[in-house]
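Visitor: I'd like to learn how to read a model like this one. Could you take me through a few features, with the general idea before each case?

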Amino acid sequence: MNEGIAREGQGPNTSEPKAASPELQAPHPRSRPQPPALASRGDLKDAARRLAKKYRVRDGKGFRLKDVDPGETAWLESEDKQDAKQVLQEGVSLLARLQDMLYAQDRWALLLIFQAMDAAGKDGAIKHVMSGINPQGCQVFSFKAPSAEDLDHDFLWRCSKDMPERGRIGIFNRSYYEEVLVVRVHSNLLEKQRLPEERVTKRIWKDRYRDIRSYERYLDNNGVVVRKFFLHVSRKEQKRRFLERIDNPAKNWKFSATDAQERGYWKQYMTAYEDMIRGTATKRAPWYVIPADNKWFTRIAVAAAVVETLDSLGLAYPEVGKEKLAELARTRRALMAEK
Ligand code: ATP
Ligand code: MG
């Protein structure tokens with residue numbers, strides 16, 4: 001169930017601090033005055049927590065895609081408003097500070113998975129949200145159609161080779177979730193996997209959800225924190241973006257005819273996405289269903305979820321022991337004594 005919509009304020013995580021500012025706690029119908037620009041890092045963290053929670057799904061039971069409006073922008077009304085720009089800018093620099101601690105502490109790894117229909121803005125969201133962070137601590141992997149070698153292995157194999165190392169952020173642009181999306185929508189893709197007949201049952205998708213849940217729990221038990229993003233674009237907005245890619249020569253390279261073909265399976269994809277979120281949203285590895293008709297808002301919401309996640313890990317720079325402090329003092333003396 002989408003907590004933000006159906007269970008705001010009564011989610012299972014009772015330890016979560018309440019949003020500090022009353023403006024941010026209240027629902028945000030359009031008629032309400034906007035909250036003031038964010039003043040401090042604490043306010044920013046509260047705002048990130050609130051925004052992330054609105055779109056987070058930790059318990060998939062009863063989740064309905066139609067409850068999330070792709071055109072929504074929470075309380076941020078327009079890209080041009082100073083508020084929106086400031087929130088993204090400050091969010092990205094906060095994220096950079098948190099990533100620096102993640103890297104220095106070298107205990108946790110963070111895996112961010114992005115799934116969406118074509119032209120929903122996966123690439124742009126990844127680019128913008130990660131723009132301020134140290135490239136050494138971050139790696140992006142794109143998963144396209146599987147190779148012959150991939151098809152000769154179990155379905156998690158190729159992604160498991162690219163898991164982030166401790167202290168790093170790993171980004172999957174598509175992932176093993178394609179195995180319950182495109183492979184479900186096009187049955188010939190499942191045939192290509194040459195599974196033993198007795199393993200291709202009516203329950204195959206439910207079995208895959210269970211396998212994914214177990215795998216993500218295993219990752220979490222090993223300090224790899226998993227967060228999944230579905231960028232939810234409307235069919236109408238996808239059409240507009242496709243036309244823009246066709247009409248604007250600078251964007252022609254982004255368009256492929258297969259993208260338009262997949263659009264023909266919209267309903268089947270939406271059913272597969274909804275089912276997938278129902279079957280794989282967990283407390284430890286939640287989905288964020290992010291409205292994606294406004295790119296600027298998508299980026300803010302994704303940044304908020306990443307900030308909220310990193311902030312929840314209690315990151316800190318490693319403490320320096322007595323010996324190390326003595327060594328630093330000795331080296332300092334030696335450097336100062338240099339002629
Ligand atoms: P962009 O279009 O922005 O470059 P993209 O992620 O859409 O990014 P494409 O090369 O257009 O990249 O598409 C990759 C294709 O590979 C998608 O249609 C996706 O569904 C497909 N794909 C990914 N994983 C699998 C899989 N496990 N089995 C079958 N098809 C897959
Ligand atoms: Mg594509």
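Visitor: Let's start with one residue. Where is the place of Leu94?

Guide: Before that, a word on what you're looking at: this is a predicted model, where local features need pLDDT of at least 70, side-chain atom pairs count only at pLDDT 80 or more, and totals for chains, interfaces and linings use all residues. Residues are numbered from 1 along each chain as its sequence is written, and chains are lettered from A and ligands numbered from 1 in the order in which they are written. Helices (H or I, at least four residues) and strands (E, at least two) are DSSP runs, numbered from the N terminus. Leu94 sits in helix 4, residues 82-105.

Visitor: Is Leu94 buried or exposed?

Guide: The idea is to count neighbours: a residue is buried if 20 or more other C-beta atoms lie within 10 Å of its own, exposed if 12 or fewer, and partly exposed in between, with C-beta atoms placed from the backbone. Leu94 counts as buried because it has 21 C-beta neighbours inside 10 Å.

Visitor: Which residues is Leu94 in contact with?

Guide: Contact means that two C-beta atoms, placed from the backbone, lie within 7 Å. Setting aside neighbours within four places in sequence, Leu94 contacts Arg41, Leu44 and Val307. Leu44 is 50 residues away along the chain, with 8.6 Å between the two C-alpha atoms.

Visitor: And what is Ala305 in contact with?

Guide: Ala305 belongs to helix 14 and, beyond its neighbours within four places in sequence, contacts Ala52, Arg227 and Tyr288. Ala52 is 253 residues away in sequence, yet the C-alpha atoms are 4.7 Å apart. Ala305 is buried because 26 C-beta neighbours fall inside 10 Å.

Visitor: How many residues does the largest nonpolar core have?

Guide: In soluble globular proteins, nonpolar side chains tend to be buried together. A nonpolar core here is a set of buried Ala, Val, Leu, Ile, Met, Phe, Trp, Tyr and Cys residues joined through C-beta atoms within 7 Å. The largest one has 72 residues, and Phe114, Leu231, Ile290 and Ala303 have the most contacts inside it. Helix 14 (residues 295-312) supplies the largest share of this core, eleven residues. As for Phe114, not counting residues up to four places away, its contacts include Ile126, Phe172, Phe229 and Leu231.

Visitor: Which residues of helix 13 are buried?

Guide: In helix 13, they are Tyr273, Met276, Ile277 and Thr280. Looking down the axis of helix 13, the buried residues fall within an arc of 95° (taken from the directions from the helix axis to the C-beta atoms), so they line one face. They pack against strand 1 (56-57), helix 10 (204-221), strand 5 (224-232) and strand 6 (287-291).

Visitor: What about backbone angles: which phi does Ala119 have?

Guide: Ala119 has a positive phi of about 65° although it is not a glycine, and it lies in the loop between strand 2 (109-116) and helix 5 (122-129). Ala119 is buried because it has 23 C-beta neighbours inside 10 Å. Arg174, also not a glycine, has a positive phi of about 70°. Arg174 is in the loop between strand 4 (169-173) and helix 8 (182-185), and counts as partly exposed because it has 18 C-beta neighbours inside 10 Å.
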